[in-house]
Amino acid sequence: MTQPAVPVARRATSIPEGWAYAPVELPAGSSWDVVAAGGEQVVLPHTWNAIDGQAGGDYRRGRSTYARVIEAEASDVETWIEFAGVNSSAEVYLDGRLLASHDGGYSTFRVNLTDQLTDGSGTLVVIVDNAKNERVYPQQADFTFYGGIYRDVRQITVGREHFELEGHGGPGLIVTPSLDGDRAEVALSAAVAPTSGVSATGVRFLVDGEAAVTVPILDGAANASLTIEHVRRWHGLRDPHLYTARAELLADDVVLDVVELRFGCREFAVDPQRGFLLNGEVYPLRGVSRHQDFEGVGNAITEEIKQGDLALIRELGATTVRLAHYQHDQRFYDLCDEAGLVVWAEIPQITVFLPGASDNARDQLVELIVQNRHHASIVSWGLSNEITLAGSGENVVAAHRELNDLAHELDPTRLTAMANLFLLETDHPLVGLPDVMSYNLYFGWYVGEVADNDSWLDDFHAANPEIAIGLAEYGADANAQFQSAAPEKGDYTESYQALYHEHMVGMIEARPWLWATHVWNLADFGSAGRDEGGVAGRNQKGLVSFDRSQKKDAFYVYKAAWSSEPFVHIAGRRRAERAEDVTEVIVYSNQDRVVLSVDGVEIGAASGRRVFRFQVPLTGEHEVTARSGASTDTITLRKVDKVSAASVMPTTTIANWFDEAELPSPAGFFSVRDSLGDIKQSEAGARVIASVMEAVATSRGEVGQGVEIPPAMQAIVDRMSVEKLIKQAGGVSLEHVAALNAQLNLIAK
């Protein structure tokens with residue numbers, strides 16, 4: 001017998017408080033008091049690795065227990081729990097009964113508690129596990145895998161008849177607009193949860209509360225199409241207009257449930273010669289990549305932190321952001337929609353291919369797409385990142401073909417993408433497998449010189465004019481504590497990072513065919529396996545510091561290139577004490593003329609783009625001011641006899657020693673100043689170089705293990721001198737350098 005329709009307003013209530021946490025696995029039937037006694041009370045979001053995951057070295061990876069008492073709002077409703085992110089795996093119990101398990105730390109999943117809440121309440125226990133395994137991505141990567149319930153948890157109340165809440169964590173509504181001139185046809189599909197005694201008669205769809213159509217439910221779904229006349233297109237930063245689609249589940253005139261989504265109407269394409277096109281216009285995608293974590297917080301970030309990251313990206317004037325290396329919080333995709341940022345979204349299939357995790361990669365891709373395909377900002381689904389570090393055999397290619405097909409099946413409107421390791425041969429099948437791809441190139445930091453980026457990309461483009469190529473990562477580490485009057489690769493100075501990016505931004509501007517470019521990274525981030533550049537547990541390639549309080553000089557290189565907000569910025573403000581008699585003062589600005597004054601006296605003006613350089617004599621303490629129109633910036637410089645040792649990274653004493661020492665270079669014999677390629681021509685020299693390369697790879701931690709250098713890349717490495725390689729690697733004692741040089745001095749050319 002059909003029951004009368006009972007409207008119940010859908011309610012989703014955040015439940016951050018009332019949680020107990022124990023840093024061990026407790027029995028699934030434990031009471032809240034038992035869990036609290038074994039640990040503490042916490043407020044969500046929460047991670048147990050906020051400190052040790054950023055300290056360097058080992059951090060706790062294992063199983064922990066969370067508990068909370070859940071109460072149903074009424075007896076005639078369904079009660080669900082929605083987890084926006086639990087890393088890496090979760091088992092969800094209610095009063096000791098396992099209701100669900102989920103593998104994958106970055107996507108939403110929901111659990112129906114209704115049938116188990118027999119008395120209207122129960123104890124929810126969540127066992128969370130971020131231990132190492134071979135079945136869940138990621139397992140090896142250059143970032144910390146923080147454990148915990150680190151995103152929001154919501155209790156959802158709906159009537160017995162409602163739109164689908166399982167469905168891979170999706171919203172229950174699919175919105176797919178297609179454009180034809182100034183008209184948009186919007187396809188809408190809503191899934192209805194199966195239930196007995198169905199009274200629902202149909203679904204009413206609306207767009208912006210106006211255009212409306214009511215259709216019946218067939219086989220658990222309702223499908224319709226609405227037309228938007230004179231459509232207003234979502235057009236990136238210029239006009240990120242969003243529409244709202246609404247689905248109402250009806251029993252005659254009674255509304256049983258409602259779901260709403262925002263979406264945008266836009267067309268895009270990638271042309272191998274012209275780059276990215278948005279609504280038929282060339283629209284260069286120039287921006288940054290973002291990791292979600294924050295100093296002292298880990299991945300349990302707040303709304304304030306998300307808004308802060310968005311503000312930094314907008315200040316740069318970026319048009320795109322790569323949200324790496326996993327699915328980000330739904331809220332951040334919303335913010336990108338609103339701001340007009342074009343997004344590359346991806347799954348955490350990264351670094352090393354895991355045959356036992358292929359099913360998990362598929363699951364994570366399904367969740368990424370189903371949960372996010374309504375976002376106007378997203379244009380590409382990333383299948384993997386640098387997945388070929390330890391090999392790129394047919395099993396890797398086959399798995400990516402399957403993922404590529406799956407992405408197109410779930411969402412034929414967007415591109416598939418891959419970020420390729422810079423060691424991957426350019427004729428490898430993976431290069432042309434997805435719709436578009438980008439390389440992660442680090443010439444000028446890990447290997448080679450910064451100008452090698454230019455020649456590498458030009459060679460690829462000339463040989464493959466039909467393939468769209470981009471830069472998914474490029475960058476150089478910088479600890480703003482370290483400064484130099486003569487910066488060079490490998491010294492970790494803020495000064496070198498800025499010089500590197502000066503070159504890269506110009507290189508990119510000269511190559512409009514790069515379909516998308518993303519600086520690695522917006523901010524420094526936690527990477528437990530690293531210990532370099534004066535800080536353990538951190539990748540320091542960010543344009544801003546880990547706590548976002550400090551914008552490095554390189555930040556302003558990009559602001560000068562991309563932003564339209566007038567500004568001037570004097571670089572080197574953290575190098576206030578300088579020993580040189582005449583110092584170079586560098587100014588970054590998006591204006592075309594900059595005037596420099598010292599102690600109130602104008603000393604010169606320069607015209608140009610982005611970078612302005614002045615020579616300033618130093619005799620004491622001076623106030624230096626740059627001005628362009630109404631924009632000004634001022635710093636103080638002081639002449640000293642010797643700069644503080646704290647401003648020089650300890651390992652850079654190697655570099656200084658190379659400059660000052662007279663290492664023997666006997667005629668007819670090798671030395672550290674010879675290139676690797678020349679030395680390897682000798683059998684004895686090749687053995688020495690092999691040992692050097694092994695030591696350099698080891699210095700890069702686990703992400704440097706198992707690396708194979710292909711011939712094209714080896715040619716660039718071979719042009720480097722042993723001296724440059726050691727300077728860059730750092731951490732080599734003076735005695736070892738002298739001993740190595742002595743070895744080479746015994747090998748005849």
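The crossing of helix 4 and helix 5 is right-handed, where right-handed means that the near helix is turned clockwise from the far one, and left-handed that it is turned anticlockwise by less than a right angle. The contact is made by Ala361, Arg362, Leu365, Val366 and Ile369 on the side of helix 4, and by Glu402, Leu403, Leu406, Ala407 and Leu410 on the side of helix 5; contact here means heavy atoms within 4.5 Å. Helices (H or I, at least four residues) and strands (E, at least two) are DSSP runs, numbered from the N terminus.

Before I continue, the model is a predicted one, in which local features need pLDDT of at least 70 and side-chain atom pairs count only at pLDDT 80 or more, while totals for chains, interfaces and linings use all residues. Residues are numbered from 1 along each chain as its sequence is written, and side-chain values use heavy atoms, with hydrogens and water left out.

On helix 7 the contact is made by Glu494, Gln497, Ala498, His501, Glu502, Met504, Val505 and Glu509, and on helix 8 by Asp553, Ala554, Val557, Tyr558 and Ala561. The crossing of helix 7 and helix 8 is right-handed.

I turn next to the loops around this pair. Tyr492 lies in the loop between strand 31 (469-473) and helix 7 (494-509). Its phi is near 60°, a positive value in a residue other than glycine. Most residues other than glycine have a negative phi, and most peptide bonds are trans. Tyr492 counts as buried, at 3% relative accessibility; buried means under 20% relative accessible area, exposed over 50%, and partly exposed in between, with a 1.4 Å probe and protein chains only.

Arg548 also has a positive phi, near 65°. Arg548 is found in the loop between strand 34 (535-539) and helix 8 (553-562), and is buried, with a relative accessible area of 12%.

Gly542 is found in the loop between strand 34 and helix 8. Which residues does Gly542 contact, leaving aside its neighbours within four places in sequence? They are Gln497, Asn521, Leu522, Ala523, Asp524 and Lys552. Gly542 is buried, with a relative accessible area of 1%.

One of those partners, Ala523, is found in the loop between strand 32 (516-519) and strand 33 (525-532). Ala523 is buried, at 5% relative accessibility. With neighbours within four places in sequence set aside, Ala523 is in contact with Gly542, Leu543, Val544, Ser545 and Arg548. The C-alpha atoms of Ala523 and Gln292 are separated by 9.2 Å, although these residues are 231 residues apart along the chain.

Gln54 is in the loop between strand 3 (40-42) and strand 4 (63-71). Is Gln54 buried or exposed? Gln54 is buried, with a relative accessible area of 10%. Its side chain is joined to that of Tyr146 by a polar contact of 3.3 Å. A polar contact is a pair of N or O atoms within 3.5 Å; within protein, one must be able to donate a hydrogen and the other to accept it, and residues adjacent in sequence count only if both atoms are side-chain atoms. Beyond four places in sequence, the contacts of Gln54 include Asn49, Phe294, Gly298, Ala536 and Phe546.

Two peptide bonds deserve mention. A cis peptide bond joins Asn87 and Ser88, with omega about 5°, and Ser88 is in the loop between strand 6 (86-87) and strand 7 (89-94). Another cis peptide bond joins Ala324 and His325, with omega about -20°; His325 is in the loop between strand 26 (320-323) and helix 3 (330-339).

Finally, the cysteines. A disulfide is a pair of cysteine sulfur atoms within 2.5 Å, and the count comes to 0 disulfides. Cys265 is buried at 0% relative accessibility, and Cys336 is buried at 0%.
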